[in-house]
Amino acid sequence: MSATNQTTAAVEVSPVGQATPVPAEAAFTGPRRRSGAWLTQLLGNRKAAFGGLILLAFAAVAIFAPALAPYDPTEFVGRPHRPPSSEFRLGTTGSGQDMLSQLIYGTRISLGAGVIVGVATTVIGALVGLAAGYFRGRVDDFLSLLTNVMLIIPGLPLLVVLAAFLPAGFWTTVMVLIVAGWAWPARVLRSQTLSLREKDFVSSALVSGEGSWRIMLREILPNMMSIVAAGMFGAIIYAIGAQAALEFLGLGNPSAISWGTILYWAGNNAGLLVGAWWTFVPAGLCIALVAFAFALVNYAIDEITNPRLRSQRETNLALRRHRRQLGVSRATPVLRSAGQHRAAGD
Amino acid sequence: MSEPTTIEAAPSDAGKDTIEAAAPVMDIRNLTKRFPIGGMFSSHEVHALQDVSFSLPRGEVVAVVGESGSGKSTAARLLARLMPPTSGEIVYNGRDVLKEESGRASLAYRGDVQMVFQDPFGSLNPVHPVRYHLERPLKIHKKASGRRQVRERVHDLLNIVGLQPVEDFAAKFPYQLSGGQRQRVAFARALAVEPKVMLADEPVSMLDVSIRIGVLNLIERLRADEGISFLYITHDIASARYIGDKTNVMYAGRMVEGAPSGELIDNPAHPYTKLLLSAVPNPHAGLRTQETQARGEIPSLVDPPPGCPFAARCPHVMEVCRQRMPDTTWVGTDHWVRCYLYGE
């Protein structure tokens with residue numbers, strides 16, 4: 001009997017007349033229990049809720065930018081380098097545009113590029129990793145070589161070279177970031193696929209006559225969704241940072257409005273030298289805040305899907321709830337359920 | 001035996017038994033599988049399966065017994081076409097399937113030959129409900145079309161394997177089922193394609209003793225009602241006798257003896273079979289058992305020496321045993337052995 005069944009919670013008597021032990025739910029540590037439960041758990045997690053709230057706010061700003069921005073972000077509406085005032089809430093840029101409007105419109109490109117790149121690198125990485133791990137042999141040799149070459153080439157210099165040679169623009173930046181970013185998820189998911197490939201449920205599917213891609217996408221991929229999701233949020237953080245970095249270096253399209261170009265113009269117009277902190281601090285803060293929010297969601301997913309972290313958190317919660325009863329004793333705490341408390345006359 | 005290396009005589013070719021006049025559904029000839037191991041500088045091979053030949057008569061249960069590492073599961077996986085053999089032939093319904101479809105197995109073969117795995121905790125995908133596991137083969141092999149027909153067929157299958165109420169079981173996820181229930185789902189999935197041959201790789205060894213008999217009776221019922229031929233792989237000679245019409249004994253990648261199950265247990269010929277039988281606990285014998293004659297462990301399968309693999313443990317070992325593997329000798333109707341003790 002496998003260990004899974006040692007923690008049996010109940011005995012079920014089937015109509016055939018067999019009494020069969022029913023494995024306790026807690027014994028199973030798969031990635032998804034019920035399709036709905038996953039989302040409920042995510043929303044119930046404090047980190048996820050907080051991170052999600054920040055992201056929702058940024059997304060709303062991006063969507064409703066025209067309604068929220070007080071000025072046209074490209075128009076020169078005031079004198080350059082004005083500090084924040086009632087007229088310009090976040091001051092003006094070095095060439096006299098409204099900083100707040102630029103920041104609001106910049107959310108669109110920065111967030112959009114980040115999400116597009118994050119999703120695209122994850123999808124490409126997952127497909128490459130799945131194919132390499134599933135087919136093995138020659139296919140794996142070729143795809144692994146490609147992946148390893150992409151991993152060895154240092155990222156930022158490659159980005160700079162590619163961006164410098166291609167015509168500047170939003171989609172160029174996105175393409176460059178995707179090319180430089182797919183190798184890492186591919187590598188991680190390949191090794192996962194290699195181990196899942198050996199499971200009997202894959203062999204069973206093969207015997208049933210399932211096709212290769214169907215097995216990869218419907219049998220193997222759902223079993224590593226937690227890694228895929230966590231990897232995707234990591235990729236989005238990387239993409240937002242890298243996109244801003246490229247634009248700050250002047251390798252993006254300087255006439256487009258994004259957090260990266262705001263920083264680029266702040267540098268160009270000597271915002272730091274003249275002490276115009278409002279030209280670079282807000283954009284930097286926004287990048288940091290979005291990255292922080294994605295990281296929170298990432299941690300939450302890790303916590304929910306990783307049983308070790310989950311049990312740790314549940315223990316902490318339980319301890320907090322029962323602190324009064326436990327006192328300050330340093331002994332190993334033993335928690336009793338509510339019923340037992342009553343029975344014990346607590 | 002006049003020819004030195006090949007074994008041409010599978011039991012059904014003996015010609016004496018009239019019941020077996022119909023050709024066997026599956027004929028396995030000289031099946032060999034070697035796995036390369038080691039790195040770039042040392043190349044060794046694990047001889048998982050060596051020169052194994054046997055046949056699977058229509059509508060019978062053929063049991064294969066042997067201890068862990070004797071190549072039983074490798075044989076089943078080769079027959080399920082989960083990996084290609086190093087050499088040998090799999091003749092299914094008179095067609096050499098390895099030659100005719102050398103790459104992937106055809107959908108027709110998949111539709112006829114199904115496999116049930118040893119570990120019911122690993123053979124069902126944790127992310128899919130029972131319904132999904134049963135619907136897929138129905139759809140792939142076009143055994144049912146339309147939502148209602150698929151649904152009814154899924155319920156039929158669950159009824160056949162005795163998982164009622166069917167509605168409840170169809171909606172359950174694997175982690176909500178016990179080992180025996182999962183193994184029944186695995187059987188239902190294999191049955192979905194209406195197979196002719198089922199390869200059961202230790203289907204009860206991971207189950208509680210109390211629910212084993214239920215699964216064994218399920219196999220017996222499927223054989224009788226649906227006429228499915230079974231290859232029943234086990235390390236438990238008692239269950240082989242219970243369910244197997246014939247029993248073949250494997251040792252270290254070789255098949256050493258084969259006979260109808262009762263005959264094999266009453267008149268074991270090969271020293272290894274005798275050892276295997278002496279290891280079965282007998283409730284009437286008390287604690288003192290008859291002295292075992294053979295000792296030692298199963299030999300390493302990495303680059304094994306020539307000769308009989310049992311030579312190192314055999315109480316009757318002769319010089320010739322270490323030189324060359326003996327050929328097949330018939331010691332009775334339908335009873336063959338590969339041992340020099342029984343040569344002419």
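Select helix α7 of chain B, then helix α8 of chain B: B:Gly180, B:Gln183 and B:Phe187 of α7(B) meet B:Ile211, B:Gly214, B:Val215 and B:Leu218 of α8(B). Two residues are in contact if their C-beta atoms, placed from the backbone, lie within 7 Å. By class, this contact of α7(B) with α8(B) has four nonpolar, three polar and no charged residues. Here Ala, Val, Leu, Ile, Met, Phe, Trp, Tyr, Cys and Pro count as nonpolar, Asp, Glu, Lys and Arg as charged, and the others, Gly among them, as polar.

Some ground rules. This is a predicted model, in which local features need pLDDT of at least 70 and side-chain atom pairs count only at pLDDT 80 or more, while totals for chains, interfaces and linings use all residues. Residues are numbered from 1 along each chain as its sequence is written, and chains are lettered from A and ligands numbered from 1 in the order in which they are written.

Stay with the pair. Helix α7 of chain B covers residues 179–192 and helix α8 of chain B covers residues 209–226. Helices (H or I, at least four residues) and strands (E, at least two) are DSSP runs, numbered from the N terminus. The two axes come within 10 Å and cross at roughly 10°. Axes are lines fitted to C-alpha atoms, for helices over the stretch in contact, and angles run from 0 to 180 degrees between N-to-C directions. That angle makes α7(B) roughly parallel to α8(B). Angles under 35 degrees count as roughly parallel, over 145 as roughly antiparallel, 65 to 115 as roughly perpendicular and the rest as oblique.

Now pick B:Phe187, in helix α7 of chain B. It counts as buried because 25 C-beta neighbours lie inside 10 Å. The cut-offs: buried means 20 or more other C-beta atoms within 10 Å of a residue's own, exposed 12 or fewer, and partly exposed in between, with C-beta atoms placed from the backbone. Not counting residues up to four places away in sequence, B:Phe187 touches B:Val116, B:Val161 and B:Leu218.

Next, B:Leu231. Leaving aside neighbours within four places in sequence, B:Leu231 is in contact with B:Leu56, B:Val62, B:Val64, B:Ala76, B:Leu79, B:Leu199 and B:Ala200. In the largest nonpolar core, of 165 residues, B:Leu231 is among those with the most contacts, along with B:Leu199, B:Ile219 and B:Tyr232. Such a core is a set of buried Ala, Val, Leu, Ile, Met, Phe, Trp, Tyr and Cys residues joined through C-beta atoms within 7 Å. Helix α4 of chain A (residues 99–135) gives the most to this core, with 15 residues.

Move to B:Ala311. This residue sits in the loop between α11 (271–278) and β11 (329–332) of chain B. B:Ala311 counts as buried because it has 20 C-beta neighbours inside 10 Å. B:Ala311 touches B:Val317, B:Cys321 and B:Arg322, not counting residues up to four places away in sequence.

Finish in chain A. It has 16 helices and two strands. Buried residues make up 36% of its 346 residues. Select helix α7 (residues 170–181) and helix α11 (residues 225–248) of chain A; their axes come within 10 Å and cross at roughly 130°. That makes α7(A) oblique to α11(A). Residues to show include A:Thr173 and A:Leu177 in α7(A), and A:Ala235 and A:Tyr238 in α11(A).
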